[in-house]
Amino acid sequence: DRDVTGVQTCALPISDAVQALTSKQATAGVRFFVAANQEGGQVQALTGPGISSIPSALDQGALRPKALTSMAAAWGRQLRAAGVNLDLAPVMDVVPAGTERGNAPIGALDREYGNDASTVTAHGVAFLRGMASAGVATSAKHFPGLGRVAGNTDFTSSVVDTVTTASGADLQTYQAAIDAGAPMVMVALATYTRIDPKELAVFSPTIIEGLLRKKMGFRGTILSDDMGVAAAVAGMAPGTRAVDFVAAGGDLITTESLPVADEMDSALVSRVGSDASFRSAVDAAALQVLTTKDAYGLLPCSR
């Protein structure tokens, strides 16, 4: 989820090559989610012929929600034509008015739909519904919110939110996304002192299992923010990051580094071989991802 615009005008050949790696022998015929950070504004991974220039979330927040749904459906069809079936959006974080420039991950980049939960809810849900109508999965992010922090976890360690609570109004945006059928929720790499002061959100059973799963009733796939090169987790061994995320209840890890992914894979396999309880957690995570993939036609038996 790195907040940098990339230029990619040959997405279809790349996505085709990725899907070509699937086979009955290698993946039991299960196809991949091919994802892009396609929020709009400064965070738009795909550009070029056939891809619209998407306005920032802040500008999208000035539109009527119905109009945004229609526009998001069109953007989603463009992604599907490019072979992308997962958009790592929408941003459901609330940045209080007057704090935007001091909020490095969201407000400083105009990634917020607005400054209050009702505006963010209406437009974030409109975006995800438009994408869904085009057959593109989405990931509401960055739970439980990066709207009240100063540092960007991609580039800063020890990012802390001292305001957000488990019953705060800002969480209404995520509840609305869940109720609207968001298939994925991305969890942040910040610490929330009023929810769990000891662990980053991605490693917190209190936040993932207690708040997101049990209290808010989310039954989809729980995705991590980037755990490959983000400064927030640079002090931890890659294998520890992976094991701790799954042990906390996470399902799907994102990483921008292939070598880090290899280390994570090895650590997970090793722990599965020695810990029956952890093996059950991995099985549950895998089943959850497969269930979400089935909803998007990525299993051989999908309708």
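# A guided tour of the predicted model

Begin by selecting helix α8, where Pro238, Gly239, Arg241, Ala242, Val243, Phe245 and Val246 are the buried residues. The model is a predicted one. Helix α8 covers residues 238-247, and seven of its ten residues are buried, so the helix is largely enclosed by the rest of the structure. To see what surrounds these buried residues, display α7 (205-215), β10 (221-224), α9 and α10, against which they pack. Then step past the end of α8 to Gly249, which follows the helix and has a positive phi near 115°.

**The pair α9 and α10**

Select residues 258-274 for helix α9 and residues 276-295 for helix α10; their axes lie 6 Å apart and the helices pack at an angle of about 130°. This angle makes α9 oblique to α10. The crossing of the two is left-handed. For the contact itself, show the side chains of Leu268, Arg271, Val272 and Ser274 in α9, which meet Ala276, Phe278, Arg279 and Val282 in α10. Sorted by class, this contact holds five nonpolar, one polar and two charged residues.

**The pair α4 and α5**

Now select helix α4 (residues 65-81) together with helix α5 (residues 117-133), whose axes come within 7 Å and cross at roughly 40°. Helices α4 and α5 are therefore oblique to each other. Here α4 passes α5 in a right-handed crossing. On the α4 side, the contact is made by Pro65, Leu68, Thr69, Ala72, Ala73, Trp75, Gly76 and Leu79. On the α5 side, display Ala122, His123, Ala126, Phe127, Arg129, Gly130, Met131 and Ser133. The contact of α4 with α5 comprises ten nonpolar, five polar and one charged residues.

**The loop between β4 and α5**

Move to the loop that joins β4 (86-87) to α5, and select Pro90, which is found there. The peptide bond between Ala89 and Pro90 is cis, with omega about 10°. In the loop between β4 and α5, select Asp110 as well. Its phi is near 60°, a positive value in a residue other than glycine. Asp110 is partly exposed, with a relative accessible area of 25%. As background to both stops, most residues other than glycine have a negative phi, and most peptide bonds are trans.

Select strand β5, residues 137-143, and find His142 within it. A cis peptide bond joins Lys141 and His142, with omega about 10°. Continue to Ser158, in the loop between β5 and β6 (160-161). Ser158 has a positive phi near 55°, although it is a residue other than glycine. At 64% relative accessibility, Ser158 counts as exposed.

**Helix α1**

Select Ile14 in helix α1 (residues 11-19). Ile14 is partly exposed, with a relative accessible area of 42%.

**The whole chain**

The C-alpha trace spans about 50 × 45 × 30 Å along its principal axes. Of the 303 residues, 52% count as buried. Among contacts between residues at least 6 apart in sequence, 73% join residues at least 24 apart.

Key. Residues are numbered from 1 along each chain as its sequence is written. This is a predicted model: local features need pLDDT of at least 70, side-chain atom pairs count only at pLDDT 80 or more; totals for chains, interfaces and linings use all residues. Side-chain values use heavy atoms; hydrogens and water are left out. Axes are lines fitted to C-alpha atoms, for helices over the stretch in contact, and angles run from 0 to 180 degrees between N-to-C directions. Helices (H or I, at least four residues) and strands (E, at least two) are DSSP runs, numbered from the N terminus. Angles under 35 degrees count as roughly parallel, over 145 as roughly antiparallel, 65 to 115 as roughly perpendicular and the rest as oblique. A crossing is left-handed if the near helix is turned anticlockwise from the far one by less than a right angle, and right-handed if clockwise. Contact means heavy atoms within 4.5 Å. Ala, Val, Leu, Ile, Met, Phe, Trp, Tyr, Cys and Pro count as nonpolar, Asp, Glu, Lys and Arg as charged, and the others, Gly among them, as polar. Buried means under 20% relative accessible area, exposed over 50%, partly exposed in between (1.4 Å probe, protein chains only).
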